[in-house]
Amino acid sequence: MGTELTRRNFLTGAVAAAGVVGCAPKGTASAPVADAPKTLVGQTPAWLGEAPEIAESDIVKTEETGLLIVGAGNGGIVAAATASDLGLDFIIVEKTGALAVTRGWYGAVNIPECAAAGKEVDTIRLNNTIRQSYCGKNDMRVVKVWIDESAEMHEYVKSIMESYGYAVNFDSDQGHGHGGVGIDMYVPPIQVNYMAREDCPEENKELDRNHIFEDYINKAGHEVVYNYDLAKLVQDDSGAVTGAIFDTPDGYVQVNAKNVLLTTGGYASNPDMLSSLNPLMTHCLTASDALPGNTGMGIKAGMWAGAMRDAEPMAMVFDRGAVVPGTKAGYTPESIEAGEPSFTSPSNGQFNPGSQPFLKVNTHGERFFNEDANYDWAPHAAACQPGGVYIEVWDANFAEDVERFHSLGCAGLTRLIVGMAGMDAMLQEWIDKGVVIKADTLEELADGLLLEGEYKENFLASVERYNELYDMGEDVDFGKEAYMLSSIRKAPYYGVTLGGIILSTGDGLRINTDMQVYNTDGQVIPGLYAAGDCSGSIFADGYYNLTHGMACGRTLTFARHAVRHIAGDLD
């Protein structure tokens with residue numbers, strides 16, 4: 001983000017409409033840039049701007065390749081390994097000076113480990129559940145590619161991981177099997193990660209999956225080219241993508257390619273895009289765990305080339321953005337004024353117990369929703385509450401309650417940590433930070449949470465009512481399942497103020513079942529592919545929080561599919 005960003009143009013970007021209709025620029029790098037994409041009402045979104053004009057004389061170097069992979073993260077590095085194995089001529093570039101952080105868990109459907117555990121995924125139900133979750137705004141055909149091909153992807157990834165001394169860890173835990181959110185929701189057993197075996201060579205034990213795959217392609221004679229920041233795509237007179245131009249420490253470099261695969265990530269670290277495309281986030285986030293490089297450049301470059309973008313936003317948000325009492329959600333006015341918008345608590349880390357279904361109230365002390373679903377449900381509900389944050393409360397029975405809740409996915413880490421280190425060890429660092437408030441009475445807890453007057457009375461009444469519901473064994477107010485209710489009667493008492501932590505965005509360039517990018521007329525743009533968070537067609541509005549690992553699983557599956565399609569390796 002440029003240093004010239006001010007409060008005025010940031011706010012202009014925040015209210016600009018999302019671009020869904022575009023005009024594809026024609027010609028080579030030296031040709032004039034065509035009109036920038038327009039919205040349905042004829043305005044170019046402020047966050048999009050126009051493709052830079054880069055004269056041929058400004059290009060210090062030109063390279064040629066068959067396949068250009070833009071972005072060395074979870075998708076890009078698997079694409080590179082696949083291209084290497086298939087003998088393709090390719091170049092993989094990364095905007096930063098290092099590989100993107102590995103998302104360790106991924107979801108794959110009906111893999112051998114699933115069958116060995118006596119489980120099976122109902123693929124028809126899964127696709128329809130995802131469709132229902134996104135109100136039909138996704139493309140079921142594209143989702144089906146992940147469902148049908150993720151097992152093949154898993155076998156490929158596993159073969160390389162095993163050769164480096166790692167074993168698969170399959171998560172077969174489906175809890176009660178119905179989601180625990182008051183209605184029957186599908187919980188498919190799909191999530192895996194990897195653990196170093198006892199015989200894992202010492203030099204491999206500290207490697208994550210992305211670095212293992214980088215070592216794999218290095219040994220095959222390929223290297224990631226770092227500090228190549230995408231400036232724009234290159235197109236011929238027909239509109240086909242024929243390469244890209246990058247801003248590098250040595251100047252502009254043009255890479256001509258028969259095919260370009262964008263694996264550049266989403267836009268969670270671009271305040272202009274996030275505020276404009278997903279304004280709900282500015283009302284409920286207190287922190288970000290997004291990669292700094294996820295600025296939406298691949299999406300913007302694709303739209304400059306005439307690509308269609310998802311019309312609906314999607315952000316992956318965790319309900320773990322713990323902050324000191326009195327903090328509000330959103331970008332701080334001071335950071336906006338300084339031209340570098342940041343959230344109220346950029347570095348506190350994730351407070352994993354925030355995903356537990358304890359009593360949650362707003363900052364007026366009132367319970368306002370059913371707390372039984374984790375991840376983005378709580379921040380979304382809190383977006384229209386005072387300050388965009390909420391308060392979670394529990395008592396000394398924390399460990400027993402967490403065990404009974406039996407939360408799934410990464411929310412289940414709370415249960416694991418408590419079992420290994422104990423409640424006190426888990427909470428003490430947060431108490432020391434002044435984030436978690438510990439008190440001997442509920443009145444003192446309310447004071448520590450900065451609840452005063454009527455709000456304090458509301459809080460005490462909400463706790464009393466919640467205890468009544470627990471005694472009744474039925475949540476007649478919001479319908480939380482009985483086993484997820486808990487009493488708040490045993491001192492000491494605890495409370496924490498929470499908002500959302502954004503991990504990534506998942507709306508991007510619309511793609512077909514071969515990961516080819518559509519233009520705004522729904523036609524394929526020749527030569528252009530996308531996978532991962534810069535691609536779309538999968539999500540809308542939020543993340544189905546019971547398909548654990550699906551987002552990374554589709555990234556790996558689609559990156560591999562795109563390369564295999566280019567190589568003619570698909571059946």
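Modeller: Please bear in mind that this is a predicted model. We may start with proline 492, which is located in the loop between helix H16 (453-472) and strand E15 (493-505).

Colleague: Why is tyrosine 375 called buried?

Modeller: Tyrosine 375 has a relative accessible area of 6%, and buried means under 20%; therefore tyrosine 375 counts as buried. Tyrosine 375 belongs to the loop between strand E12 (359-361) and helix H11 (377-382). Although not a glycine, tyrosine 375 has a positive phi of about 70°.

Colleague: Why is asparagine 227 called partly exposed?

Modeller: The relative accessible area of asparagine 227 is 35%. The loop between strand E6 (224-226) and strand E7 (229-235) holds asparagine 227. Asparagine 227, too, is not a glycine, yet has a positive phi, of about 60°.

Colleague: What makes helix H5 roughly perpendicular to helix H6?

Modeller: The axes of helix H5 (residues 140-163) and helix H6 (residues 209-219) cross at roughly 80° and come within 10 Å. Angles of 65 to 115 degrees count as roughly perpendicular, so H5 is roughly perpendicular to H6. Tyr156, Val157, Ile160 and Met161 of H5 make the contact with Arg209, Ile212, Phe213 and Tyr216 of H6.

Colleague: Which residues make the nonpolar surface patch of about 310 Å²?

Modeller: Leu416, Ile417 and Met420 make that patch. Leucine 416 is placed in helix H13 (residues 413-421).

How values were computed:
Residues numbered from 1 in each chain as written. Predicted model: local features only at pLDDT ≥ 70, side-chain atom pairs only at ≥ 80, totals over all residues. Heavy atoms only, no water. Patch = residues over 30% accessible without salt bridge, like charges linked within 9 Å, V, L, I, M, F, W, Y side chains within 5 Å. Areas by Shrake-Rupley, 256 points an atom, 1.4 Å probe, with all protein chains shown as cover. Salt bridge = Lys/Arg side-chain N within 4 Å of Asp/Glu carboxyl O. Helix = DSSP H or I, 4+ residues; strand = E, 2+ residues; numbered from the N terminus. Axes fitted to C-alpha atoms, helices over the stretch in contact; angles between N-to-C directions. Parallel < 35°, antiparallel > 145°, perpendicular 65-115°, else oblique. Contact = heavy atoms within 4.5 Å. Buried < 20%, exposed > 50% of the residue type's maximum accessible area, 1.4 Å probe, protein only.
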